[in-house]
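Me: Could you take me closely through one part of this model, and then show how the rest of the fold is arranged around it? I would like one connected account, with the cut-offs stated as you go.

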Amino acid sequence: MMTEVSDVLTCLQNYSDTEGFTAEQLQPSCERGLLWVYSNLKPGADRESPLIVHTAAALAHYFFFLTRLTETDKYESYTAGDMTVRRSLEKEMRFEERIKNEAVAAASSILRDGGFFCRGS
């Protein structure tokens, strides 16, 4: 049975930082994650592989993070009364990218090779 968006949503909802978000808020990212995985499957790859749902959920988590960047709770720092809250969006972005990249690497057996990229410093 092929992976569906509802499967990705269920997996994504197991991430602790998605608690409190509705299915309607998470679903567009799940659709995008699953579309990415299916678009990048190797020819002949098992379309029922359990790697699909986990990879799509990790990508959905990343895509959901990106959509939330404009929300005020993502600001680097803000003050409410005598309390200041500071966050490092750069560190959070690196963390999210690492999770996404590790999931894609773990699914390399079913995903097409994205090619080799070398960037000089």
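Reply: Helix 2 spans residues 23–39, and its 17 residues reach 23 Å from the first C-alpha to the last, close to the 24 Å expected at 1.5 Å a residue (the expected span being 1.5 Å times one less than the number of residues). Helices here are DSSP runs of H or I with at least four residues, strands are runs of E with at least two, and both are numbered from the N terminus. This is a predicted model, in which local features need pLDDT of at least 70 and side-chain atom pairs count only at pLDDT 80 or more, while totals for chains, interfaces and linings use all residues. Residues are numbered from 1 along each chain as its sequence is written, and side-chain values use heavy atoms, with hydrogens and water left out.

Within helix 2, the buried residues are Leu26, Ser29, Cys30, Gly33, Leu34, Val37 and Tyr38, where buried means under 20% relative accessible area, exposed means over 50% and partly exposed lies in between, with a 1.4 Å probe and protein chains only. An α-helix has 3.6 residues a turn, so residues three or four places apart point the same way. The buried residues of helix 2 pack against helix 1 (5–12) and helix 3 (50–67), contact being heavy atoms within 4.5 Å.

Isoleucine 110, when residues up to four places away in sequence are not counted, touches Asn40, Leu41, Lys42, Ala45, Ser49, Leu51 and Ile52.

Phenylalanine 21 and phenylalanine 64 form an edge-to-face pair, 5.0 Å centre to centre with 80° between the planes; rings of Phe, Tyr and Trp (its six-membered ring) pair if their centres lie within 6.5 Å, with planes under 30 degrees apart counted as stacked, over 60 as edge-to-face and the rest as tilted. Because phenylalanine 21 lies in the loop between helix 1 and helix 2 and phenylalanine 64 in helix 3, the pair ties together parts that are 43 residues apart in sequence. Phenylalanine 21 is partly exposed at 22% relative accessibility, whereas phenylalanine 64 is buried at 9%.

The charged end of arginine 32 sits over the ring of phenylalanine 63, 3.9 Å from its centre, and that of lysine 100 sits over the ring of tyrosine 62, 4.9 Å from its centre; the rule asks for NZ of Lys or CZ of Arg within 6 Å of the ring centre and within 35 degrees of the ring normal. Tyrosine 62 is also among the contacts of glutamate 96, which, leaving aside neighbours within four places in sequence, are Asp17, His61, Tyr62 and Phe65. Glutamate 96 lies in helix 4 and counts as buried, at 6% relative accessibility.
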